[in-house]
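Dear colleague,

Please find the structure handed over below. My notes on it follow directly after.

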Amino acid sequence: MTGSGAPEGDDYSATVLGSHWFSGPPDATKRMPPESVAPDRVEGSVLRFGPGVTAAMPAPFPVHATTALGPAPRRRRLAGLRRYALAAFVLAGVLVYLGWQRFGPGIEVREVAVSTDPKGPACDSAADVVAVVGTNGRPGILTYRWVRSDGTRSEQLTERVPRGRREARLHLLWTFKGTGSYPAKAELQLVSPGQRTAAVDFTYRCTP
């Protein structure tokens, strides 16, 4: 202890306290205590006096003006990411739709019907037998053959159906010559896609 009553050491700093911090009777030989100083504010059990900060609540690091502006760039980044995510979602949907249109399910046959003029062809003329093949509107190739009741059949034939067309018309021209009467039958045999058959009966009549 020195003559001035201050503790030794480099870390010592004086703090002015109110008179209620002193205990015991006042000493007339000593200087009268200064007027009490009211605390700035009370935080829990820590009392703060004057404009300084007590050692019990040290500032962990200096606060700069740029610290308060930190959330703004983050919000801008999040908004930009949301916009990019929405654009990517729309683009992915368009690509999926185009891919389905191009590489989705192929042509499917829904129904097959065969018809011709019920009166039959005239003398020495041809009967126009028509097969109508209903599809799902997808592009593809139909493979088929015609079978006639006179024991003949065609080789395998193909018909390319473009996108959006929902039916294909397949024709058989069957020529008749001579006089007399002949009951005829024409049958369409669909080979692919799927296997289906449809037929029509008619009679060729030619009298002299």
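Contact here means heavy atoms within 4.5 Å. The structure is a predicted model, in which local features need pLDDT of at least 70 and side-chain atom pairs count only at pLDDT 80 or more, while totals for chains, interfaces and linings use all residues. Residues are numbered from 1 along each chain as its sequence is written, and side-chain values use heavy atoms, with hydrogens and water left out.

Not counting residues up to four places away in sequence, V129 touches V114, S115, T116, W146, L170, H171, L172, A186, V200 and F202. V129 is also among the residues with the most contacts inside the largest nonpolar core, together with V114, L142, W146 and L188. That core has 25 residues; such a core is a set of buried Ala, Val, Leu, Ile, Met, Phe, Trp, Tyr and Cys residues joined through side-chain atoms within 4.5 Å. Two or more residues each come from β3, β4, β5, β7, β8 and β9 (strands are DSSP runs of E, at least two residues, numbered from the N terminus). β9 gives the largest share, five residues.

T143, in strand β5, counts as buried because its relative accessibility is 14% (buried means under 20% relative accessible area, with a 1.4 Å probe and protein chains only). Beyond its neighbours within four places in sequence, T143 is in contact with residues including Q156, L157 and Q189.

Q189 lies in strand β8 and, at 18% relative accessibility, is likewise buried.

With kind regards

Methods: Buried means under 20% relative accessible area, exposed over 50%, partly exposed in between (1.4 Å probe, protein chains only). Helices (H or I, at least four residues) and strands (E, at least two) are DSSP runs, numbered from the N terminus.
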